[in-house]
Amino acid sequence: ARGQMAEGTLLVTGVSPRPDATGEQFVTISGVINGPTVDEHVVYQRMAVDVDNWPSMGQLIPVVYSPKNPDKWFFAPPAPPAPLP
């Protein structure tokens, strides 16, 4: 359980080059998180992402993070589909 997480946005300020490969590959990403409990909090992390969804400089990505330790952050899960009427 990740406990109580805050929602925010990550502005990508640095990203490792996209590899000539397919599937999940490691990316090193840096940026600043803004959210209800942080303002311009600088973060740096290595994580696995699908090369088809490789982050890019200047991209604004929804994230969730620990309000007690904003260095613990993850890409926000996709929103669930809207219920049918």
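**Terms and their grounds**

Reply: Leaving out neighbours within four places in sequence, Gln 45 has contacts with Val 27, Thr 28, Ile 29, Asp 71 and Trp 73. Gln 45 itself belongs to strand 3. The model is a predicted one.

Me: Why is the link between the side chains of Gln 45 and Trp 73 called a polar contact?

Reply: The cut-off for a pair of N or O atoms is within 3.5 Å, and one atom must be able to donate a hydrogen that the other can accept. The side chains of Gln 45 and Trp 73 are joined at 3.5 Å, so the pair meets the distance limit and is called a polar contact.

Me: Why is Val 32 called buried?

Reply: Buried means under 20% relative accessible area. Val 32 has a value of 12%, and therefore counts as buried. Val 32 is found in strand 2. Beyond four places in sequence, Val 32 touches Thr 9, Leu 10, Leu 11, Glu 40, His 41 and Val 42. The C-alpha atoms of Val 32 and Leu 11 are 5.3 Å apart, although 21 residues separate them along the chain.

Me: Is Pro 70 buried or exposed, and how do you know?

Reply: Pro 70 has a relative accessibility of 12%. The limit for buried is under 20%, so Pro 70 is classed as buried. Pro 70 lies in the loop between strand 4 (60–65) and strand 5. Its contacts, neighbours within four places in sequence aside, are Ile 33, Val 38, His 41, Val 43 and Tyr 65. Between the C-alpha atoms of Pro 70 and Val 42, which are 28 residues apart along the chain, the separation is 9.1 Å. For the chain of 85 residues, 31% count as buried.

Me: How do you know that strand 1 and strand 2 pair?

Reply: Pairing requires at least two bridges between the strands. Strand 1 (residues 6–15) and strand 2 (residues 24–34) are joined by 6 bridges, so they pair, and they run antiparallel. Gly 14 stands opposite Ser 30, and Thr 9 stands opposite Asn 34.

Me: What makes strand 2 and strand 3 a pair?

Reply: Strand 2 and strand 3 (residues 41–50) have 10 bridges between them. The requirement is at least two, so they also count as a pair, again antiparallel.

Me: What makes strand 1 and strand 4 a pair?

Reply: Strand 1 and strand 4 share 6 bridges in the antiparallel sense. With at least two bridges needed, they therefore qualify as paired. The bridge partner of Gly 8 in strand 4 is Val 63.

Me: What makes strand 3 and strand 5 edge strands?

Reply: The 5 strands form an open sheet in the order 3-2-1-4-5, with antiparallel pairing. Strand 3 and strand 5 (73–75) each pair on one side only, and they are the edge strands. From one strand to the next, the twist averages 45°. The chain has 0 helices and 5 strands, and its elements run β-β-β-β-β from the N terminus.

Me: Which residues line the largest pocket, and what makes them lining residues?

Reply: They are Glu 24, Ala 48, Val 49, Asp 50, Asn 53, Pro 55, Gln 59, Ile 61 and Phe 75. A lining residue has an atom within 4 Å of a pocket point, so each of these residues meets that limit. Strand 3 gives the largest share of the lining, 3 residues. The space in this pocket is about 160 Å³.

Me: What share of the chain's contacts with a separation of 6 or more comes from residues 24 or more positions apart?

Reply: Such residues account for 59% of those contacts. The C-alpha atoms fill a box of roughly 40 × 35 × 25 Å along the principal axes.

Notes. Residues numbered from 1 in each chain as written. Predicted model: local features only at pLDDT ≥ 70, side-chain atom pairs only at ≥ 80, totals over all residues. Heavy atoms only, no water. Helix = DSSP H or I, 4+ residues; strand = E, 2+ residues; numbered from the N terminus. Buried < 20%, exposed > 50% of the residue type's maximum accessible area, 1.4 Å probe, protein only. Contact = heavy atoms within 4.5 Å. Axes fitted to C-alpha atoms, helices over the stretch in contact; angles between N-to-C directions. 1 Å grid on protein atoms, 1.4 Å probe; cavity = no way out; pocket = protein on both sides within 12 Å on 5 of 7 lines; lining within 4 Å. Points joined across faces, edges and corners; volume = space filled by probe spheres on them.
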